[in-house]
Amino acid sequence: MAPTGRLREHAASPHDAELRDAAPRLARRRFLTVTAAAAALAFTTNLPSRGAFAATELDAARITADPFTLGVASGDPRPDSVLLWTRLAPAPFETDGGLGQQRVSVSWEVALDDSFAVVVQRGTALAYPEYGHSVRVDVRGLVPGTPYYYRFRTGTWISPTGRTRTAPQAGSAVPSLRLAAVACQAYHDGYYTAHRHVAQEDVDLVFHLGDYLYEYAVNSAGGARGYTDRVLPPVFNRETSSLTDYRMRYALYKSDPDLRAAHAAHPFVVTWDDHETENNYAADRDENGSPPEQFLVRRAAAYRAYWENQPLRAAQLPQGPDAQLYRRLQWGSLAQFDILDTRQYRSDQAYGDAPHVPGPETDDPARSLTGDAQERWLIDGWAASTALWNVMPQQVCFSQRRLDLNAQAKLSMDAWDGYRANRDRVVAGAKAAGAGNWLVLTGDVHVAYALDIKDDFDDPDSATLGTELTCTSVTSGRDGVERPANWDTYMQANPHLRHYDGRRGYLRLELGRHSARADFRTVTAVTTPGAPVTTTASFVTEAGSPGLQPV
């Protein structure tokens, strides 16, 4: 269950000293007032403020409007447990959600049926204002491989019903797993039609591969949504920077009924990319060259709001500007999921983050996308894996992507192409560990790719080691087109690129004992609501025989 009654005690953040030293300079620069600077840095460095968790309790009977406006969610299923989430906000577009600074008692129950005739567990949790009135319950003692239904209550209000499931028993011979992968859902770029279709899919899990939220301003008409039946408040028409800003932006995103439907229908496994904090940031460096100590205050706010608004366990609660988001999940003996964080620990992008030919910076072994600790964790996990499929959900394109037809082509410096030594070590680690049936799931690029991971990307005849699938975007990039302007160039320059589609949608993936099948699910438009979904391409890769084959 989430922290209740007291702040959790953490080991020191690696940035504590830097932030404490920065406090006077932050105030002098008027980046923050002196009082706000002290409060922000106390929050950032995990120093409990006076009276933390001392809020009085609100009589829930006095809540006169539905507090479950942001829906329910579940996540990170294990064989005997699953994490349940909600956030109380009877007035979601107010800074305090309409509940002020009082804590609220919330009951929860888990059942075998959606009518709750057979309740297997129930309990009570507290929604604290210090955590944005979010509620999380780590329900344990459940039966492996079992679907469950859950809901919350406070006062006279009952939440929507959510459906979740536990993972299979560790090591069990699971015959199959169906999952969906989504990413990149800029609210201002369109409707979450893809999420509505995901909610209706028969899948066991949904992976969100980053850019759940965008920091950019959203105007009163909701950008490309072009609202005529509502006017969004001006609080959204600015870039997010503070904890309040990020909390409010999550409230806007989660107010979307299609996103709420997807969360209620399936357990999610989430990881962030850049826009949950700031575009293309790298560790403690933002894209504007701000002093690291200044950006880390913003990063702490963004990380805190992310945890408050996602179905994540207490182990992922940030320590100031740091959070342990990379983690591992198992699905019987069928699949191991190594969920990466390629933002928090990365070296700054090479060559000013502009497309560039490979050079000393891209090949510098001291530069890293994952950081040393995460790299070792990943490779050690492969060495210990007994799973049939080793799946690596992460953010940016792993495979080489030549951007032009020149002999020495430019590459993206924000993707793994900008950190080639790190990628070479990961590939070598996968080979040395004998990581069988390696699948990489990727977000970020706003297009659908299917790629063969090659032993040598510059030699099309080299061995194929695995498969990379990018899930395109839910909305980012607006409607898109089937063949973007660079389609011919990319397909010719990258023989290992087997599929490229520039439209919106998601990936559906079925893992079996003998093969994996990927279906690219595409919606025709997101700037207007209600578009249908179709499968525009399908590929199979056989267990023990890497390489994509069209269906």
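**Strands, helix, loops and confidence**

Colleague: In which sense do β9 and strand β10 (residues 205–208) pair, parallel or antiparallel?

Modeller: This is a predicted model, in which local features need pLDDT of at least 70, side-chain atom pairs count only at pLDDT 80 or more, and totals for chains, interfaces and linings use all residues. Residues are numbered from 1 along each chain as its sequence is written, and side-chain values use heavy atoms, with hydrogens and water left out. Helices (H or I, at least four residues) and strands (E, at least two) are DSSP runs numbered from the N terminus, and two strands pair if DSSP finds at least two bridges between them. Ala 181 stands opposite Phe 207 in β10, and the four bridges between β9 and β10 make a pairing whose sense is parallel.

Colleague: Which residue of β19 stands opposite Leu 179?

Modeller: Strand β9 (residues 176–182) has five of its seven residues buried, where buried means under 20% relative accessible area, exposed over 50% and partly exposed in between (1.4 Å probe, protein chains only). It is joined by six bridges to β19 (residues 504–512), and these two strands run antiparallel. The residue of β19 that faces Leu 179 is Leu 509.

Colleague: What distance separates the C-alpha atoms of Asp 274 and Gln 344?

Modeller: Asp 274 is placed in the loop between β11 and α6 (292–308), and it counts as buried because its relative accessibility is 2%. Beyond four places in sequence, its contacts (heavy atoms within 4.5 Å) are with Asp 211, Asn 279, Asn 280, Tyr 281 and Arg 343. Gln 344 is 70 residues from Asp 274 along the chain, and their C-alpha atoms are separated by 9.0 Å.

Colleague: What is the relative accessible area of Val 118, and is this residue partly exposed or buried?

Modeller: Val 118 lies in the loop between β3 (104–111) and β4 (119–127). Together with Leu 112 and Val 120, Val 118 forms a nonpolar patch on the surface. Val 118 is partly exposed, with a relative accessible area of 43%.

Colleague: What is the mean pLDDT of the protein?

Modeller: pLDDT is the predictor's confidence in each residue, from 0 to 100, and it stays under 50 over residues 1–11 and again over residues 44–52. For the protein, 90% of residues reach 70 or more, and the mean pLDDT is 93.

Notes
Patches are made of residues with over 30% relative accessible area and no salt bridge: like charges are joined within 9 Å, nonpolar side chains (Val, Leu, Ile, Met, Phe, Trp, Tyr) within 5 Å. Accessible areas come from the Shrake-Rupley method with a 1.4 Å probe; for residues, only the protein chains shown count as cover. A salt bridge is a side-chain nitrogen of Lys or Arg within 4 Å of a carboxyl oxygen of Asp or Glu.
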